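This report describes a single structure, with its strands, charged pairs and surface taken in turn. The sequence and the model come first.

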Amino acid sequence: TPPAAVDRAQGAPTVFVPGATFGTGPDKLGDILMRAAIKTLKELSPKPQKVIFMNDGVMWCCEGSLVLEALLELEGFGVEILACGTCLDFFSLKEKLQVGRVSNMFEILSGLQEANPLIRL
């Protein structure tokens, strides 16, 4: 049986990805941890209602990302994937966005303010 789609009534979390690596420490380890965390999001119950990417974290939503398949699967479950437009522009990645949609600071901060619970990677 397929996993349930997002049910916002159950207090589905919002996941905030403020950068390309997870935690503090060596970037190589942080990269490995972030890939594992993103791939594991689909196993959460309830599924996240949205995943918000900022700064160099937006690279995970773009061409060449090692987690594109996992993010596309999440999007298929109804999880909203948001990528910071300013960040995409800064890294010249807007044309390489492969999953989710371009967002802005107002929508991102509103989403974080409304998040209950919030998971920060």
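## A residue pair in the sheet

V15 stands opposite V51 of strand β2. The two strands concerned, β1 (residues 14–17) and β2 (residues 50–53), pair in the parallel sense over 4 bridges. Strands count as paired if DSSP finds at least two bridges between them. Strands (E, at least two residues) and helices (H or I, at least four) are DSSP runs, numbered from the N terminus.

The model is predicted: local features need pLDDT of at least 70 and side-chain atom pairs count only at pLDDT 80 or more, while totals for chains, interfaces and linings use all residues. Residues are numbered from 1 along each chain as its sequence is written, and side-chain values use heavy atoms, with hydrogens and water left out.

The open sheet has 5 strands in the order β4-β3-β2-β1-β5, with parallel pairing. Strands β4 (101–103) and β5 (118–120) stand at its edges with a single partner strand each, so one side of each has no neighbour in the sheet. On average, neighbouring strands are turned by 25° against each other, direction ignored.

Helix α4 (residues 105–114) packs on this sheet and touches β1, β2, β3 (80–84), β4 and β5. The direction of helix α4 makes about 130° with that of β2. Contact means heavy atoms within 4.5 Å. Axes are lines fitted to C-alpha atoms, for helices over the stretch in contact, and angles run from 0 to 180 degrees between N-to-C directions.

## T14 in strand β1

T14 lies in strand β1 and is buried, with a relative accessible area of 1%. Buried means under 20% relative accessible area, exposed over 50%, and partly exposed in between (1.4 Å probe, protein chains only). Leaving aside neighbours within four places in sequence, the contacts of T14 include K50, I52, G111 and I119.

## Salt bridges

The structure holds 6 salt bridges, each being a side-chain nitrogen of Lys or Arg within 4 Å of a carboxyl oxygen of Asp or Glu. One of them joins K42 to E73, with the closest N and O atoms 3.2 Å apart. This pair links distant parts of the chain, 31 residues apart: K42 is in the loop between α1 (27–40) and β2, and E73 is in helix α2 (residues 68–76). Both K42, at 27% relative accessibility, and E73, at 32%, are partly exposed.

K50, E80, R101 and E107 are linked in a network of salt bridges. E80 and K50 meet at 3.9 Å, N to O. E80 is partly exposed at 24% relative accessibility, whereas K50 is buried at 13%. E107 and R101 form a salt bridge with an N to O distance of 2.4 Å. E107 is partly exposed at 24%, and R101 is partly exposed at 35%.

## A nonpolar surface patch

Which residues form a nonpolar patch on the surface? They are L29, I32 and L33, with about 250 Å² of accessible area together. I32 lies in helix α1 and counts as partly exposed at 42% relative accessibility.

Patches are made of residues with over 30% relative accessible area and no salt bridge; like charges are joined within 9 Å, and nonpolar side chains (Val, Leu, Ile, Met, Phe, Trp, Tyr) within 5 Å. Accessible areas come from the Shrake-Rupley method with a 1.4 Å probe, and for residues only the protein chains shown count as cover.
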